Amino acid sequence: MLSFVFFLLIILFLIIEICYYIKNAFLLYDKTIISILNNDFSSDFSKHKSYKNYANLFQLYETLKNKESLEISKDIIYRSILNNIDTGIIILKKEGEDWDVFLMNNYFSKHFDIPKITKWKYLKKFLPSLYQIIEKNDFKEVKIPLGISFKHQDAQLYVMQTSRSEIYDQDYFIILLNSIQNLIEKKEKQAWVNLMNVISHELLNSITPIRSISKNLQELVQQEVISTEDLEDVKNSVSTILRRSDHLQQFVESYRKLAMLPAPKKQSTELSKWIENGLKIMTILFEKENIEVINTISFDRLISIDNQQMEQVLINLLTNCIHALAGMEKKQIIISAEIKERRTFIMISDSGRGIEKEIQKKIFLPFFTTRKEGAGIGLTLSKSIIESHGGYLTYRIINKKTTFSICLLDE
């Protein structure tokens, strides 16, 4: 009898354990599913390895957990990038009929002294001009200049660019604000840095040898007797100082010429006549270097230019072509022109070796040159002259052939 009771107790205990195990198994299953559904990946299911039937479920959880960690890391990096750029950024997210502020970067908040608001409608209080123009354009994509004043300060000019995107049925509207004044100041600062680097480099190239030679001359003249050999050294030193001084004077004159460019005195001139006059001046150099010049311009057109200044532009560009063709077997310069939308384009191409990639961004910098005898103002001066005429000078490289293009607008 006792054995039977003991047996029943064991059976009852096993049934309770099985029920407890099954209950925990279902609870664990529910907890895992709920965690996945709620994107809650704070749990650790590695200690439940005994539930081998749930191995695939746990693997799914870990996979989603790793993906969530990766997405969070990306979000932190992206937000860090957006918060550390000098552009005002605000991203809106559509919620029903209203817009929520999904993200406002630090620059936008600090620059306009706006707290990190959560609703788009709150921005009306801080930046009414921005709010009104976005609402007026019905949250459409635009790129326009916009004057914004805040805290009773004078209005500053910005470039506002907006875009709209739908991602996974979520509607986002992105607003970018760039201060035009900041952009100009950055460009000016960079231009000054580039200019000072060139000027200091040029000055040091002359001052350093002059100082060294002067020191040597000082030692020579302090001698009681100057030998014939020392006298020859003095003559050579003085000649070198004079040559470097002439170079410095030429450098300063080039700078003055560039800085004091007079306003163009325009008059109507035939395109063909301007080209022919420039080619006549260069004829001797073309013949000396065995360069073939092909003028393909088959039409005539009146252009409004300062003949003297634009003739200098043509000479500068053709001179560049001559240097580019040095050492080439085929020496050819092609001049062409076309008319597009009240603009006259004059193209000058050569069959030279082209412009090396590492210096392409520097060719219009004042005093930048790759030639020892060059002053480095030819292209800079040409660009300034054409811009003072209301046009522009560009270049392109196709199959290592360089083409400079002059654009002149009709008046």
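Trainee: Which strand holds isoleucine 348?
Mentor: Helices (H or I, at least four residues) and strands (E, at least two) are DSSP runs, numbered from the N terminus. Isoleucine 348 falls within residues 343-350, and that run is strand S10.

Trainee: What kind of model is this?
Mentor: Residues are numbered from 1 along each chain as its sequence is written, and side-chain values use heavy atoms, with hydrogens and water left out. Local features need pLDDT of at least 70, side-chain atom pairs count only at pLDDT 80 or more, and totals for chains, interfaces and linings use all residues, the model being predicted.

Trainee: Is isoleucine 348 buried or exposed?
Mentor: Buried means under 20% relative accessible area, exposed means over 50%, and partly exposed lies in between, using a 1.4 Å probe and protein chains only. The relative accessible area of isoleucine 348 is 2%, so this residue is buried.

Trainee: Which residues is serine 163 in contact with, leaving aside neighbours within four places in sequence?
Mentor: Serine 163 belongs to strand S4 (residues 156-167). Its relative accessibility is 26%, so serine 163 counts as partly exposed. Its contacts beyond four places in sequence are Glu141, Tyr172, Phe173 and Ile174.

Trainee: How many Å apart are the end C-alpha atoms of helix H8?
Mentor: The expected span of a helix is 1.5 Å times one less than its number of residues. Helix H8 covers residues 271-288, so its 18 residues should span 26 Å. The model agrees with this, as the end C-alpha atoms are apart by 26 Å.

Trainee: At which residue does H8 bend?
Mentor: A bend is the angle between axes fitted to the seven residues ending at a residue and the seven starting there. Among the buried residues of H8 are Trp274, Met282 and Phe286. The bend of H8 is about 50°, and it is placed at methionine 282.

Trainee: What is phi of asparagine 290?
Mentor: Most residues other than glycine have a negative phi. Asparagine 290 lies in the loop between H8 and strand S7 (292-295), and with a relative accessible area of 64% it is exposed. This residue is not a glycine, but its phi is positive, near 55°.

Trainee: Where does aspartate 138 lie?
Mentor: Aspartate 138 also has a positive phi, of about 55°, although it is not a glycine. At 49% relative accessibility, it counts as partly exposed. It lies in the loop between helix H5 (128-136) and strand S3 (143-148).

Trainee: How many Å apart are the axes of helix H9 and helix H10?
Mentor: Axes are lines fitted to C-alpha atoms, for helices over the stretch in contact, and angles run from 0 to 180 degrees between N-to-C directions. Helix H9 (residues 307-324) and helix H10 (residues 378-388) pack at an angle of about 145°. The distance between their axes is 9 Å.

Trainee: How many charged residues are in the contact of H9 with H10?
Mentor: Residues that meet there include Met310 and Leu317 in H9, and Leu381 and Ile385 in H10. Asp, Glu, Lys and Arg count as charged, Ala, Val, Leu, Ile, Met, Phe, Trp, Tyr, Cys and Pro as nonpolar, and the others, Gly among them, as polar. The contact of H9 with H10 has 7 nonpolar residues and 6 polar ones, and of charged residues there are no examples: the count is no charged.

Note on methods
Contact means heavy atoms within 4.5 Å.
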